[in-house]
Amino acid sequence: MTTDEAAAPATPVAVPVRGWWARCLDLLFPSVCNACGQSTKGDAALCEACRAAIPSLQSPFCLRCAEEFEGRIEGDFECSNCRNLDFDFAFARPAVANHPVVLQMIHELKYQRRIHLAPELGRMAQRSFGEDPRLLEALAGKWPLVPVPLHRRRQLWRHFNQAEEIARPIAALTGLPLCRGLARQRGTGSQTRLSRAQRLKNLRGAFALTREGERHFAAHPGGAVLVDDVFTTGATTGECARVLRKAGVQKVVVVTVMRG
Ligand SMILES: [Zn+2]
Ligand SMILES: [Zn+2]
């Protein structure tokens with residue numbers, strides 16, 4: 001199953017009908033595929049052929065960090081990296097492996113503020129719910145989608161939090177509530193050049209539960225789905241999960257669009 005249709009939940013969820021203004025805008029500024037430039041329908045940022053060419057995460061992959069493993073492995077496995085780590089989330093589930101088209105879209109969303117790419121990326125992330133039975137527990141328990149938060153300054157610059165914009169279509173398609181349960185208390189700068197140990201040190205105390213999170217998890221401590229654009233080392237999502245677990249959330253899982 002690699003298409004969005006295949007990943008759709010069994011029960012259809014109402015999706016808002018696009019109004020006349022959106023249709024007028026489509027006529028004036030027709031949407032085009034971000035990969036090949038062909039025209040697309042509605043808020044699709046990829047044509048059907050380009051979307052179908054992006055494969056979902058393939059087994060076998062690490063049951064903690066989703067690192068893909070080449071070759072054949074019978075049964076479940078954890079990569080050697082994860083055997084030495086103690087994440088506060090149960091597992092991370094990116095929808096797709098590292099893919100240049102998806103990476104480009106995520107970069108454009110984040111650094112060129114191209115927010116119209118978010119619905120396509122959110123629907124892509126939602127594939128995980130249709131393809132990984134480990135997420136049935138989250139669907140059955142109505143666990144909230146908690147976007148990894150941005151620092152206020154960065155959000156002011158970008159005008160939006162990409163993780164929240166990705167979580168929105170997931171909420172519409174799965175029926176799970178969206179909960180801005182975490183806030184970033186201080187900026188942590190770019191982490192790309194830091195080692196894992198440096199990242200962890202840099203992130204300590206960066207996140208806190210919001211009022212919305214306090215209220216939600218006091219009533220429903222069963223679980224939470226952290227949502228982010230890319231899963232790389234798990235340092236950021238791990239720290240978010242630590243804060244949620246400390247607040248009494250029993251199980252935290254991570255869903256992202258792509259494996260970094
Ligand atoms: Zn295309
Ligand atoms: Zn792993």
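Lys-142 is partly exposed, with a relative accessible area of 46%; buried means under 20% relative accessible area, exposed over 50%, and partly exposed in between, using a 1.4 Å probe and protein chains only. Lys-142 is not a glycine, yet its phi is positive, at about 55°. The residue sits in the loop between helix H7 (136-140) and E2. Helices (H or I, at least four residues) and strands (E, at least two) are DSSP runs, numbered from the N terminus.

This is a predicted model, in which local features need pLDDT of at least 70 and side-chain atom pairs count only at pLDDT 80 or more, while totals for chains, interfaces and linings use all residues. Residues are numbered from 1 along each chain as its sequence is written, chains are lettered from A and ligands numbered from 1 in the order in which they are written, and side-chain values use heavy atoms, with hydrogens and water left out.

The protein has twelve helices and six strands. Of its 260 residues, 47% are buried. Taking contacts (heavy atoms within 4.5 Å) between residues at least 6 apart in sequence, 72% join residues at least 24 apart.

Four strands form an open, parallel sheet in the order E1-E6-E5-E2; two strands pair if DSSP finds at least two bridges between them. Strand E1 (92-96) and strand E2 (145-147) are at the edges with a single partner strand each, so one side of each has no neighbour in the sheet. Neighbouring strands of the sheet are turned by 30° against each other on average, direction ignored. Axes here are lines fitted to C-alpha atoms, for helices over the stretch in contact, and angles run from 0 to 180 degrees between N-to-C directions. E1 is joined to strand E6 (residues 252-259) by four bridges, and Pro-94 stands opposite Thr-256 in E6.

Two helices lie across this sheet. Helix H12 (residues 235-246) lies across E5 and E6, running at about 170° to E5.

Strand E5 contains Asp-229, which is buried at 4% relative accessibility. Its side chain makes a polar contact with the side chain of Gln-162 at 3.4 Å. A polar contact is a pair of N or O atoms within 3.5 Å; within protein, one must be able to donate a hydrogen and the other to accept it, and residues adjacent in sequence count only if both atoms are side-chain atoms. Not counting residues up to four places away in sequence, the residues touched by Asp-229 include Ile-106, Lys-110 and Thr-256.

Cys-62 lies in the loop between helix H3 (48-52) and helix H4 (80-83) and is buried at 0% relative accessibility. Its C-alpha atom is 5.4 Å from that of Cys-79, 17 residues apart along the chain. Cys-79 is buried at 13% and Cys-82 at 3%. The loop between H3 and H4 also holds Pro-60, joined to Ser-59 by a cis peptide bond.
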